[in-house]
Amino acid sequence: EETKVTLIKNAYQKALEDSGLKALEEPHLHENEINISLNKPMEFQLIVEVEPEFELQEYKDLEVELESAPIRDEDIEERIKSHQKNHQTYEDKNPQVIEEGDSIDVQYRLFYEEESLLEKDEVTRYHWGDKSLTGVSVEGLAEKFAGKKPGDEISASVNIPEYYMPADHDHNHDHDHDHDHDHDHDHEAHVGEMKIKINKILKVMVPEITEAFVKEHFSVESVDAFRNKVRKDLEDQKLGHLKRSAGEKAIEKMMTSYQFEIPLGVIEKMMMSQFQSSPEMNQMLEANEAFVKTASREELQQKVKDLFEKYKTEHFESAKKEFREHLVLKKIAKKERVYVTEQEAEFRVRLLAQFQGLPVNETLERFKNSEQFGMIRSQLQNEKTIELLGDRVKIKEIEPAPKKELAKVPVP
């Protein structure tokens, strides 16, 4: 059996090389069509989807128009304020009374139907002007804090985000009582209470832009040199954004020239992979938690199949466009020798793991042992190719269109 597998694999690779075809997926072997006879060559049949053939259109002389506004003094001042905020410090305020501009160390707890959603009080820092506390929006929050002192408590009615709700909460507990309403109960707000206790009040110390400050934090010799550095940073950022946008616009413009057919089987597999991590799938699992717990395997499979058919109907054309674009970028990457190293792909996976709060090494190992690692490399290659296009095409900068003012409707 092992010898048979090796022979088939070697013959398959040679057939691809001899034909010049590029496989889009692993081949499907027809077991009942393998013919092995004594003193005769082994014969077998493989079914495989291959890349469509198409001629690469010229792209180096493309011209794209992009809106581009000059760097203004206001932009520089805004960036300087951002640097100041990044280096601000905090001191205990005296007297300890909350005023506009303060920061406050607090502890809080969330309640739903008089039951606490947290095992203990959580501690966090609130900055004056923020409209939420740890992701929970609180109407008029700053005003509620005004004039308060350490030890004071405040409470507010809030809409509790889904991720705070217990796993066994029945999303649809009201459905049986209110069938006449047409709105979506699955996304109905959970109205609860947030209780907040003030621990300490802090005064925000925003650093002045002095020669000493810019020398220490930005390695420049003067305030004027710092402002010039800020301007150059903004110009570089603008240029990078222009090039990325130019690359995206160039590929969009190029794609009007390509109408080659895409293997539908590959599109379906790609869409299934996207669907499994899509908001539609997550919403289905959340909204049908009771069903998921009690349904049979066949019922679950049918439910997922029905949802996928709906997802496919809505997204099929955009998936074809996306895959066609991928094939064009892949061909450009080959021509321009755009490569992605294993280290680059590993770095992207590490970033993803950190962003999602997952264990880095375990996530990297899982990706490398699945198709996901190849997908990451492919995504990075597309990004690098789009950046290259941004360097190659001609960019025509145009003034941004003036913003339309909303018509004022007189109040009767």
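Q: Does R125 count as buried, partly exposed or exposed, and what is the relative accessibility behind that class?

A: This is a predicted model, in which local features need pLDDT of at least 70 and side-chain atom pairs count only at pLDDT 80 or more, while totals for chains, interfaces and linings use all residues. Residues are numbered from 1 along each chain as its sequence is written, and side-chain values use heavy atoms, with hydrogens and water left out. Buried means under 20% relative accessible area, exposed over 50%, and partly exposed in between, with a 1.4 Å probe and protein chains only. R125 has 34% relative accessibility and therefore counts as partly exposed.

Q: Which side chain does R125 meet in a salt bridge?

A: A salt bridge is a side-chain nitrogen of Lys or Arg within 4 Å of a carboxyl oxygen of Asp or Glu. R125 meets D105 in this way, at 2.7 Å from N to O. The pair links distant parts of the chain, since R125 is in strand β7 (residues 122-127) and D105 in strand β5 (residues 103-112), 20 residues apart; helices (H or I, at least four residues) and strands (E, at least two) are DSSP runs, numbered from the N terminus. D105, at 15% relative accessibility, counts as buried.

Q: How many salt bridges does the structure hold, and which parts does the pair of E77 and R227 tie together?

A: The structure holds 24 salt bridges. In one of them, E77 pairs with R227, the closest N and O atoms being 2.6 Å apart. Because E77 lies in helix α2 (residues 73-86) and R227 in helix α5, this pair ties together parts that are 150 residues apart in sequence. E77 is partly exposed at 35% relative accessible area, and R227 is partly exposed at 30%.

Q: What lines the second largest pocket, by class?

A: Rolling a probe the size of a water molecule over the atoms shows where empty space is left. A pocket, on a 1 Å grid over the protein atoms alone with a 1.4 Å probe, is an open set of points with protein on both sides within 12 Å along at least five of seven lines, and lining residues have an atom within 4 Å of a point. The lining of the second largest pocket has seven nonpolar, four polar and four charged residues, and S68, A69, I71, K238 and H241 lie nearest the pocket's centre. Helix α5 gives the most to this lining, with six residues.

Conventions. Ala, Val, Leu, Ile, Met, Phe, Trp, Tyr, Cys and Pro count as nonpolar, Asp, Glu, Lys and Arg as charged, and the others, Gly among them, as polar.
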